Amino acid sequence: MSAADTIFALSSGAPPAAIAIIRISGPSAFAAVQLLAGRIPAARRPSLAKLYDPIDHALLDEALLLLFPAPNSATGEDLAELHLHGGRAVVRAVERALAAIPRLRPAQAGEFTRRAFLNGRMDLNEAEGLSDLLLAETEHQRRAAANMIGGGFSRAIGGWREELLHISALTEAELDLSDEDDVADQNTNVICDACNRLAEEIHQLLQQPQAEKLRDGLRIVLGGPPNSGKSTLLNALAAREAAIVSDIAGTTRDVIEVPISIEGIPLILTDTAGIRNECGDPVEAMGIARARGAFAGADMILWLGPQGEGPNHPAVIEVDTKSDLAADRIKSGDALWVSGKTGAGLAAMVAEILHRARGMLPPADGFAVNARQRGWLTEAAGALRLASAADDWLIIAEQLRLARLALDALTGRAHTEDLLDTLFGTFCVGK
Amino acid sequence: MKSRFSPDFDIIIVGGGHAGCEAAAVAARMGARVALVSFQRDTIGAMSCNPAIGGLGKGHLVREVDAFDGIIARAADDAAIHYRMLNASKGAAVQGPRIQADRRLFKASVQRQLAATPNLTILQGEAAALLFTSETSQKIAGLRLADDGEISAAAVILATGTFLGGKLFRGEERLEGGRIGENSALRLADQIRGAGLPMARLKTGTPPRLDGRTIDWAALPEQPSDGGCWTMSAMTKRRAVPEVFCAMTRTNHHTHDIIRSGLDRSPLFGGDIQGQGPRYCPSIEDKIFRFGDRDGHQIFLEPEALDSHYVYPNGISTSLPTDIQIALVQSMPGLAQCEIIVSGYAVEYDYIDPRALDHSLAVCGFDGLYCAGQINGTTGYEEAAAQGLIAGMGAACRLLDRPMPALDRSNSYIAVMIDDLVLQGVTEPYRMLTARAEYRLRLRADNAATRLTPLAIEVGAAGEDRKSAFFGQMTQRDALISALTDHATADDLARAGLPVKADAGRMPLIDWLRFPVVTVKALLTVSRETIAFSESIMAEVEQDGRYAPYIQRQEAEIRDIAANERIGLPSNFDYGAIAGLSNEMVERLSLARPDTLAAAARVRGVTPAALAAILVHAKRASTHASQAA
């Protein structure tokens, strides 16, 4: 990464649209505006200007310009916004003109946010929250991301950090002061219990569903033999009024994925190739292998095959689609009966899916923990468990130090001095 | 002044305490011509407070100074009348050797060692003013004495302890001075204040000295010397001074009532003392005020010398009026008839914000001015001695054009302390604690020579005796390690009487040391090694093996940080110009002037986001610089 680079990117949705906003951030942002518009308008005041290609002087567009000088911009750098007419050709022409300016280049994914973080405009957890917010497509995702920006997560960690500092202070008192002073001897059991308690709290949070689920959607796999009605059911689900079919990601011979959102909950419906026990067709065999892979990665399985013969998975919903009349159902009463043709029973099934999905997603008023954060939390909890298992004070202290390092990596706080403050605040020590 | 082309000395050290003596000795060992200026020749090497050397963290510092062939550990051995290995039941990394010294023997040893050091001249006099090459220059030219005599030198090391603007407090009494019965360096303090150095006040205290003949020793529990054979210095062959025992007593509710009754006459609580005192070494009135709910505090009664009846009551540092001091002492068991010879008192003194110093303790913005010891806001003989060593080496390296030894937080407590001081500054007198060393498992008191003597030899700070002793040790160490490279299984160990888990497979002998039951001695029987190794070498290698997995992990951590150590930050870096840094961070960073990104990361309160912003600005600045070039 070179900070001397100035980056630009289309920051509004994909054209065509009514307007398109291109953001330019970096030391040459205003110089670029000067090249295109022939002047640099006043900061923070919208200004209309004609943009010309700096090389062939052709008119590109008439645009609204908005300038934010460093450091008070979203990225902490000089930042210019070009509000263009939202046609594809216009956007492409302006992007081409910008790319031709020396020291300007198209931004990489997330680079504006990264610069905001690097320039101290937000801390790491907030930066992650913001990137999730920008990506959030459903209400549930938006609220969890907003919570992260709001610092709920940092507050929770702050509490653990205080507890950890307290345990560390007890340990350091034992190492640094007990033999020189009349600090009451610490009991390793007290430390051990405290470490376990803290590890358990962190573990509880780690048990919560992952942020990635919230971002990417829960994977619901429809499974069953060929012609068991999977596609009909999938179409019925996707076509429901409340469902938003955002994209058909990939249509292969074997697996079809349809991301939808129902009541703000992101779901990915996956149709698999039919499962048959014997098959001679090698191509279809590959498809079935992929279907098995899809089952393994599923959060929930709608099983349309014979009762009880579905894949071994903790969240299998038996679905009966073979008949269009409730009275003719084949599976037992536990199975959900749905008619793909008439739509009967669909609402009840959706309700069941949503009920289960809510249990799998981070609560909307909680915060979602992403992979990086999980990594550090797992490390902190692991170090605490090792500390509680050790009987050598030095090892206990070392594991506590590693746990502190892990929490510090999350929040970026705490130095040894914080530990000493806790130590001296807790004990009457010294001679 | 004499000709500026041939100054009288290379380096002048002001102050003959633990910092000054160590600074003078190391610079002279390295070949610089050194003058040590002291108020009084015969107070050189005096122990002004507690008659003890070492302890937790502090013992590490003593061993590290010794690894550089310093004088404090040998003086401690020459004077030790009571030995205790603190934390003996815990891992070696936190064990702290501590001795109680006969004051006279200690001082005599220091003076004897200095007298035996070539290139070192002791001058009696009061330092009155620093001399510069011109009126507007910041380049040191020498020192003016109170009798108007001038000595020229290219560097001056200030090691004036509490004597800079020192003021004594006891009840309603006020005295000028750095120690009872001695002057303070007022004129020098005025000049330094005038030079625009950042200065502030700190406070410390000392307990009353008791007459041992009036203590009922028989009524008190004894604390004997440990009866072992370890010594402070690697060069000391055996313990040579008779050992005595200490005793313990306790404060009680009655004592605490007496102290409370005198609080309104205490300069600490009357607001007369502004300086911050140490939290880990509070006065007894502080303890009662802050932790009054405790039913008592332990007090150690430590004899000050073999042929003296002075006793140091460790734990009742106080500046209460003398009548209260007498009453509080006599309220404790065994002390009902006890008499006080000298009352306790508090000292308030000037210190220089150590963030004005670089890692060699040179004052930034000056050429040839160094500060070491209590003047930098530290407390303790050991902390002072270690800083004296650094300032002395710093000045000598500069004059002799040698690189400073590569000390860092991963190889020494000395560097941990220096780094803390110059980056964080102090808010109370700084004391070494093992908790300050993040790589504590590697930094043991017992491996100080292995860690540091090679650096001492390289920089020329180690004498011939030290070198040959060290090479002898290393030969043994290497032989032992190679004897432990043989492989063995759990069964092999079981036959030697070592019960270890059988599923660990076949490993080099040394790797088995991570099981606490396995000792080097036992492994040597497995390997049928016949060489006799010294106990200290075996203990050192055993500890290395015991914590090897943790140490390896720390090495990975250190490597990560090393990348940031390579990113330099200019000393005139404008932190105020970086968006997103809080005012507090800007202030701290501007004062500390970290020279690398890794150092900036250690400045208190600097977050990763702030660090990233600093990195970006540093890169931007260097890009601009290279474009301009």
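This note goes through selected side-chain and backbone features of the structure, point by point.

1. The model is predicted, so that local features need pLDDT of at least 70 and side-chain atom pairs count only at pLDDT 80 or more, while totals for chains, interfaces and linings use all residues. Residues are numbered from 1 along each chain as its sequence is written, chains are lettered from A and ligands numbered from 1 in the order in which they are written, and side-chain values use heavy atoms, with hydrogens and water left out.

2. Over all chains there are 47 salt bridges, a salt bridge being a side-chain nitrogen of Lys or Arg within 4 Å of a carboxyl oxygen of Asp or Glu. One of them joins Arg33(B) to Asp10(B), with 3.3 Å from N to O. Arg33(B) lies in the loop between α1 (18–29) and β2 (34–38) of chain B and Asp10(B) in the segment before β1 (11–14), so this pair ties together parts that are 23 residues apart in sequence. Helices (H or I, at least four residues) and strands (E, at least two) are DSSP runs, numbered from the N terminus.

3. A salt bridge also links Arg201(B) and Glu348(B), at 3.1 Å from N to O. Because Arg201(B) belongs to strand β13 (residues 199–206) of chain B and Glu348(B) to strand β20 (residues 345–352) of chain B, the pair ties together parts that are 147 residues apart in sequence. Arg201(B) is partly exposed, with a relative accessible area of 26%, whereas Glu348(B) counts as buried at 4%; buried means under 20% relative accessible area, exposed over 50%, and partly exposed in between (1.4 Å probe, protein chains only). Elsewhere, salt bridges that share partners join Arg409(B), Asp419(B), Asp420(B), Glu438(B) and Arg602(B) into one network.

4. Asn50(B) is placed in the loop between β2 and β3 (52–54) of chain B, and at 17% relative accessibility this residue counts as buried. When its neighbours within four places in sequence are left aside, Asn50(B) is in contact (heavy atoms within 4.5 Å) with Arg98(B), Glu302(B), Tyr312(B), Asn314(B) and Tyr381(B).

5. Some backbone details deserve a check, given that most residues other than glycine have a negative phi, and most peptide bonds are trans. A cis peptide bond, with omega about 0°, joins Ala70(A) and Pro71(A), and Pro71(A) is found in the loop between β4 (59–68) and β5 (79–85) of chain A. Asp69(B) has a positive phi near 70°; Asp69(B) lies in the loop between α2 (58–67) and α3 (72–79) of chain B and is buried, at 6% relative accessibility.

6. A search of the whole structure finds 6 aromatic pairs over all chains, where rings of Phe, Tyr and Trp (its six-membered ring) pair if their centres lie within 6.5 Å, and planes under 30 degrees apart count as stacked, over 60 as edge-to-face and the rest as tilted. Among them, Trp217(B) and Phe245(B) form an edge-to-face pair, 6.4 Å centre to centre with 90° between the planes.

7. Finally, the charged end of Arg436(B) sits over the ring of Tyr430(B), 3.9 Å from its centre, and Arg239(B) lies over the face of Trp230(B), at 5.1 Å from the ring centre. The rule here is that NZ of Lys or CZ of Arg is within 6 Å of the ring centre and within 35 degrees of the ring normal.
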